[in-house]
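Please keep the sequence and the structure in view while reading.

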Amino acid sequence: SSQDESVNDVIRRACLIYKIHPSDVLSKVKRRPLIDCRFLIWHYLSKKQRLSPAEIAKLFTHDRTSVYHGIKKMDDLLVTDQEVRRCYHMLDRSMG
């Protein structure tokens, strides 16, 4: 579907920004910058593409509580972390 293509596009573009392989961001590995990239994708899918935490959780084989926490954490990072903010804006611009 076009939504699947759009989700894959977000993942691919975010991974390019972070220089991470998409299979790593879809894994359960918990180390930065993987976590930042994953949370950034979740936040983008939630805020810009209106996917629910449950829908995002299904795509990433995480539970929706983890996704909700990641989105909240990204809300904080976007305020406090200039590098995360820069990456988010790069993603947003690249998505047009």
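The model is predicted. Helix H3 covers residues 34-47 and packs with helix H6, residues 82-95. Helix H6 also comes within 10 Å of helix H1, axis to axis.

- A residue counts as buried when its relative accessible area is under 20%.
- The buried residues of H3 include Leu34, Cys37, Phe39, Ile41, Trp42 and Leu45, and also the charged residues Asp36 and Arg38.
- The cover over the buried residues of H3 includes helix H1 (2-18), helix H2 (22-25), helix H4 (53-60), helix H5 (64-80) and H6.

**His43, a residue of H3**

- His43 has its place in helix H3.
- With a relative accessible area of 5%, His43 is buried, because the limit for a buried residue is under 20%.
- Leaving aside residues up to four places away in sequence, His43 touches Lys48, Ile71, Met74, Asp75, Leu78 and Tyr88.
- His43 is also among the H3 residues that meet H6.

**Packing of H3 with H6**

- Two packed helices are described by the angle between their axes and the distance between the axes.
- For H3 and H6, the angle is about 50° and the axes are 11 Å apart.
- This angle makes H3 oblique to H6.
- The crossing in which H3 passes H6 is right-handed.
- On the H3 side, the contact is made by Asp36, Leu40, His43, Tyr44 and Lys47.
- On the H6 side, the partners are Val84, Cys87, Tyr88, Leu91, Asp92 and Met95.
- Sorted by class, this contact of H3 with H6 has seven nonpolar, one polar and three charged residues.
- An α-helix has 3.6 residues a turn, so residues three or four places apart point the same way.

**Packing of H1 with H6**

- The axes of H1 and H6 cross at roughly 135° and come within 10 Å.
- H1 and H6 are therefore oblique to each other.
- Their crossing is right-handed.
- From H1, the residues in contact are Ser6, Asp9, Val10, Arg13, Ala14, Ile17 and Tyr18.
- From H6, they are Val84, Cys87, Met90, Leu91, Ser94 and Met95.
- The contact of H1 with H6 divides into nine nonpolar, two polar and two charged residues.

**Backbone features in the loops**

- Most residues other than glycine have a negative phi, and most peptide bonds are trans.
- Lys19, in the loop between H1 and H2, has a positive phi near 55° and is not a glycine.
- Lys19 counts as exposed at 75% relative accessibility.
- Arg50, in the loop between H3 and H4, is likewise not a glycine and has a positive phi of about 60°.
- Arg50 counts as exposed at 67% relative accessibility.
- The peptide bond from Arg32 to Pro33 is cis, with omega near 5°.
- Pro33 is placed in the loop between H2 and H3.

Terms used
Residues numbered from 1 in each chain as written. Predicted model: local features only at pLDDT ≥ 70, side-chain atom pairs only at ≥ 80, totals over all residues. Heavy atoms only, no water. Axes fitted to C-alpha atoms, helices over the stretch in contact; angles between N-to-C directions. Helix = DSSP H or I, 4+ residues; strand = E, 2+ residues; numbered from the N terminus. Parallel < 35°, antiparallel > 145°, perpendicular 65-115°, else oblique. Left-handed = near helix turned anticlockwise from the far one by under 90°. Contact = heavy atoms within 4.5 Å. Buried < 20%, exposed > 50% of the residue type's maximum accessible area, 1.4 Å probe, protein only.
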